[in-house]
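Subject: Structure for your files

Hello,

Here is the structure for you to look over. My notes on it follow below.

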Amino acid sequence: MDNTKNLDDYLAGLGISEPGEAVLPAPPQSGPTASTSGEAGESGAEFQPPGTLSPQETLEQFLTGLLSRVDPELTLTLRQGEGALEAEIQGAQAARLAGRDGRVLAAIEVLAYAALSRQGHNEVRVRIDAGGFRRRHAENLSKVAERLAVQVAKTGEAHEMQPMPPADRRVFHLALQGHPLVQTESIGEGPSRRLIIMPRTDPVATVPAPGTSVSGSPSSDDAVTEAQASGPTSAVH
């Protein structure tokens, strides 16, 4: 794809947006392309017809083209992680790509799911990080979970969190999984789904009721949708 085209045209070419719809600022008109896995990437490659690219090739092509239009100095590393394709965006300005509270990253992930869907990869999960934002965020949430666990264990009273994204709930579940004094449970549905930290009543993990997660074990909702606020499959939500 011609690097002189702006980001709107690029997304429109993927069938993700219509020409003229503003998504992100127009890219620079010249400069080096972003690199992938430490090697030079071809951000100008034309988007292939459905079914011709693997999930990793699809994600690589989409993100490399996107980054070349946002900041040609950014680099991209892809790997197959546990249950998901993981993409790490690096560079001097990479952290800025996360946006406030990770909102830009979340939007990029939604677009990535749309690109994957166009290739027929509706069940593939992705995790995208920029400048270590998600890693630091997860570390901070884990520290909060540990502090709240001490509070709940000391007072004997459950602590109910405000509604949070599935990915954040999953961090709490994993941080307190196997904790000797407290356990976690997810309750509610959709945007109102929230997490409760409560005193452990049984040292042996019990089987959770449908739609809940007990003893720090992420429920299917929290695990499957950790990378999205609502799990996109064949369409963008």
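What percentage of the 237 residues in the protein chain is buried? Buried residues make up 41% of them, where buried means under 20% relative accessible area, exposed means over 50% and partly exposed lies in between (1.4 Å probe, protein chains only).

Before the details, a word on the basis. This is a predicted model, in which local features need pLDDT of at least 70 and side-chain atom pairs count only at pLDDT 80 or more, while totals for chains, interfaces and linings use all residues. Residues are numbered from 1 along each chain as its sequence is written, and side-chain values use heavy atoms, with hydrogens and water left out.

Overall layout

The protein chain has six helices and eight strands; helices (H or I, at least four residues) and strands (E, at least two) are DSSP runs, numbered from the N terminus. Read from the N terminus, the order of elements is α-β-β-α-β-β-α-β-α-β-α-β-β-α. Of the contacts in the protein chain with a separation of 6 or more, 63% are between residues 24 or more positions apart. Contact here means heavy atoms within 4.5 Å.

Helix packing

Two helix pairs are described here. For both, axes are lines fitted to C-alpha atoms, for helices over the stretch in contact, and angles run from 0 to 180 degrees between N-to-C directions.

Helix α2 (residues 55-70) packs against helix α3 (residues 103-118) at an angle of about 130°, and their axes are 9 Å apart. That makes α2 oblique to α3; angles under 35 degrees count as roughly parallel, over 145 as roughly antiparallel, 65 to 115 as roughly perpendicular and the rest as oblique. The crossing of α2 past α3 is right-handed. A crossing is left-handed if the near helix is turned anticlockwise from the far one by less than a right angle, and right-handed if clockwise. On the α2 side the contact is made by P55, T58, L59, F62, L63 and L66, and on the α3 side by I108, L111, A112, A115 and L116. These contact residues divide into 10 nonpolar, one polar and no charged. In this scheme Ala, Val, Leu, Ile, Met, Phe, Trp, Tyr, Cys and Pro count as nonpolar, Asp, Glu, Lys and Arg as charged, and the others, Gly among them, as polar.

The second pair is helix α4 (residues 133-155) and helix α5 (residues 166-175), whose axes come within 9 Å and cross at roughly 55°. α4 is therefore oblique to α5, and α4 passes α5 in a right-handed crossing. From α4, the residues in the contact are H137, A138, L141, S142, V144, A145 and L148; from α5 they are D168, V171, F172 and A175. Here the division is eight nonpolar, two polar and one charged.

Salt bridges

A salt bridge is a side-chain nitrogen of Lys or Arg within 4 Å of a carboxyl oxygen of Asp or Glu, and by this rule the count comes to six. Among them is the pair E160 and R194, at 2.5 Å from N to O. E160 lies in strand β6 (residues 159-160) and R194 in strand β8 (residues 194-199), so this pair ties together parts that are 34 residues apart in sequence. E160 is partly exposed at 43% relative accessible area, and R194 is also partly exposed, at 24%. Elsewhere, salt bridges that share partners join R79, E86 and R127 into one network. Within it, the side chains of R79 and E86 meet at 2.7 Å, N to O, and E86 counts as buried at 18% relative accessibility.

Two loop residues

A84 sits in the loop between β3 (75-80) and β4 (85-90) and is buried, with a relative accessible area of 2%. Apart from its neighbours within four places in sequence, A84 is in contact with R79, R125, V126 and R127. The C-alpha atoms of A84 and V126 are 5.0 Å apart, although 42 residues separate the two along the chain.

D101 is in the loop between β4 and α3. Its phi is near 55°, a positive value in a residue other than glycine. Most residues other than glycine have a negative phi. D101 is exposed, with a relative accessible area of 60%, and its side chain meets that of R103 in a salt bridge of 3.7 Å, N to O. R103 counts as exposed too, at 55% relative accessibility.

Regards
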